[in-house]
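User: I would like to learn how to read the features of a structure that is new to me. Could we go through it together, one feature at a time?

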Amino acid sequence: MNTRISSLTVRDFRSIRGNVTIPMDAPIVLIHGKNGAGKTSLLSSMELALTGQISSLDRMDANLRRHLVHKGADEAYVSVSTRGMGSAAAAGEFRINGVGPKGNPALTPQLARHYSERCYLAQSTLSRLLEIYQPKDVAAGTSPLTRFVKELLGLDALDALIDGLHDAGDVRRLRGGANLYWEVRERLPNVQAELDKLARDVSATDEQATGLLSRAEELFKLHWPDQAALPITDWPQFLAQLSYDADLQRWAQSRHEIVALLGQWRSSEGSPTTQELRETAESAATDADEALQAWLHKTGKQLSDAFEVLAIYFSDLPSPLANRPEYARITARNAVDAEVRRCEQALAQNAAVRKGAADAEVDQRGLQERLKRLDEQIAQHSLQAGQLAQALSALLPHVHSNDCPVCNRNFAEVSDTPLVGHLAANVSSLTEAAGKLAALSKERSDTVAAIAARELEQSSALARLLAAESRHELESRVVKLTDQLSVLDKLASEAVRGETLFEDATNSAQGLAALRANDQRAVSLRSIADRVAAQLAVEPIGVNESLSGALERLHAHVIKTESELGAKEAARQHAEAMMREYQLRRRAIEDITERRTELSTEMTGLTQRKVAGDRAIEQAKELTRIAQVERNDIVRRVFNHSLNAAWKDLFVRLAPDEPFVPAFALPESSKGAVEAVLETLHRDGGKGGNPRAMLSAGNLNTAALTLFLALHLSAKLQLPWLIIDDPVQSMDEVHISQFAALLRTVAKQHDRQVIIAVHEKPLFDYLSLELSPAFEGDSLVTIELGRTANGDTLAIPKVITWEPDKALAA
């Protein structure tokens, strides 16, 4: 055998505790262990390392992957090595933690699926194999067993051919598959109807184009009579270049200017004399300025002094003597308040750090006292109790009487207690003392770590303490800024009044300046009106004409001109839109004409394709008949000469006295999908029911086991491995003897590597003898699983090679 699983390494996986490495490079590998020793865990780890999945266990519990790591371990590890795999991966390795397995499998996805379905039969799967292969709630055509049989038959190509040609048997079925053929059949009568419709569309579109052209010509004669003789093709270009937007904007600007002049003139009519208004404004401005100066000498001085003190801490404060003293006061107060809070927070944090350092120092002194007491206790228990206990434990298996194995003296001479009991009591006492010493040592290590943590905490706190100079500076700043905060709060109302005084003085000065400039308004307005009249090219303003009358005359002329220009722009846009529609109609007529030409060409092609399609349908019918005959021959040959022959041979070997033999029911029809249906056949002829109804529990397990072997041996060889976990469930001695012979045949004649796990020691010894090497180069690996005194998994491998019988040779 060239392809084998050569070794397996497992650490802390499920019930495997510790690390075990098992050699497997032999035709047959036998694994023995009591229930719970880890046989199933070993085979599950092999499945994970080979395929990246644990399909055999996922069927029972979808959440099993959370429990793959052995209880008490942080991580599990599995790896498998193979040889003779060619270009495929030679090894697989996974690490498993709380998240799940991570690593690379040894097999490709295709080989991994073949391994799970054809090579590995788990203990939990054997008794449920027929149920897994044919679930009650799954149709027979979609069951896993049907899928296996289809893969064995290899009918995919023929079924695909027959299914693909099925619609050719009836032309009505071609609606879904041969869309082009049905398009040919249904398109021909529709093409003529479309041609007739296109002829009507051409006539209607041409009529619409003629109407649009006529209305556009009327607009040209009305608004641009001198351009009516232009060719129709030049009309769109003329309309695009003709625009009244610039003129409309210019006349609109003139209208806005005239309206503004009218407003200014009317606002000055009927008001008090300019002299009276100016005198009143000058008096008000003088009073406002005197009030502001009085405020500046008193409250303004107080604010200025306060801001000079704050300038030491804040360099960017606004001036309180500008036109917004209240804004300056609020800005300063917010800055002072924020700085006070910052300083107080820094002082509070410093006090908390100081307290933390003091607490850490107190804790450190307590831990030092505790460490001293622990050292005293450890000194009392520091004898060699643990080593002596191990030595006495090693002697116990060799004591079978009261004779001391060291001095050969009879212990009964000095004590009524048996020597074995005396040794066991001393071992127990010494073990208890060793346990106390270990606990004290761990507690001392934890105490030393806690002292180091307190020292680190104390040094960190001392490093974060503020220097005395910095702390005093912060405290002084808080006192000074709090005093200035009180000063700013006391001046709040006066600052508001000062801001009002600044505003009153500014408004009075601006009003006085406006009145002083108003005397020139009338002269300026008439001059502007003369300029507007000249720009509009209308009659100038007369000497005796009132300014308001002249402005009204100019306004009416602008409104009239704007209206005329707007009408021409609307006519231009309308004519341009009609010409665009006209051009669209002409292009539509061209497209319809082109489409009619295409449809005429299409009719000729459709007729030719229909004739070719009818000829292809007849050819497809004949090909379908030939494929169905070949398919029927393959199904009968595989079912009768491969599957049923192999299953019957295997089953009869293991259950020679069972009258009913399980078999695959031959499909009744050569058409349709293949369904794997199980039945039983009586050895004397005649059919029975389903194997689950006709066979006993033991023979039902035998039927499941032999079905698995038959599918494995009948399928195309991909992996020459056969791994079975505890296959002798419900087997008697005769079945077991036959099964051993079957395993020997599979391994030696069919060139398979067989890996078997059993939990009964007599059966393991029997199989070791029956499957022992029989010729040169043959070998057998046996593995016994157990546990050490501390609970670690122990795997004892034994490689048995062929040796000639020296007695016979002599």
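User: Is Asp-778 buried, partly exposed or exposed, and what is its relative accessibility?

Analyst: Please keep in mind that this is a predicted model. Burial is read from relative accessible area, and a residue under 20% counts as buried. Asp-778 has a relative accessibility of 3%, so Asp-778 counts as buried.

User: Which residue forms a salt bridge with Asp-778?

Analyst: The general idea is that side chains of opposite charge can pair when their charged atoms come close. Here Asp-778 forms a salt bridge with Lys-748, and the closest N and O atoms of the two are 2.6 Å apart. Asp-778 sits in the loop between helix 23 (761-770) and strand 12 (779-787), whereas Lys-748 belongs to helix 22 (residues 733-748), so the pair ties together parts that are 30 residues apart in sequence. Lys-748, at 25% relative accessibility, counts as partly exposed.

User: How many residues apart are Asp-305 and Lys-301 in helix 12?

Analyst: Asp-305 and Lys-301 are four residues apart in helix 12 (residues 274-310), which means that about one helical turn separates them. These two residues form a salt bridge in which the closest N and O atoms are 3.0 Å apart. Asp-305 counts as partly exposed at 33% relative accessibility, and Lys-301 counts as partly exposed at 45%.

User: Where do Glu-581 and Arg-585 lie?

Analyst: Both lie in helix 19 (residues 547-654), four residues apart, about one turn of the helix. Glu-581 forms a salt bridge with Arg-585, with the closest N and O atoms 3.0 Å apart. Glu-581 is partly exposed, with a relative accessible area of 32%, and Arg-585 is partly exposed at 24% relative accessibility.

User: Which residues does Glu-339 touch, not counting residues up to four places away in sequence?

Analyst: Apart from those sequence neighbours, Glu-339 touches Phe-314, Arg-477 and Leu-481. Glu-339 is placed in helix 13 (residues 325-380), and with a relative accessible area of 12% Glu-339 is buried.

User: How many helices and strands does the chain have?

Analyst: The secondary structure comes to 24 helices and 13 strands, and buried residues make up 37% of the 810 residues in the chain. Among contacts between residues at least 6 apart in sequence, 70% join residues at least 24 apart.

Definitions and conventions
Residues are numbered from 1 along each chain as its sequence is written. This is a predicted model: local features need pLDDT of at least 70, side-chain atom pairs count only at pLDDT 80 or more; totals for chains, interfaces and linings use all residues. Side-chain values use heavy atoms; hydrogens and water are left out. Helices (H or I, at least four residues) and strands (E, at least two) are DSSP runs, numbered from the N terminus. Buried means under 20% relative accessible area, exposed over 50%, partly exposed in between (1.4 Å probe, protein chains only). Contact means heavy atoms within 4.5 Å. A salt bridge is a side-chain nitrogen of Lys or Arg within 4 Å of a carboxyl oxygen of Asp or Glu.
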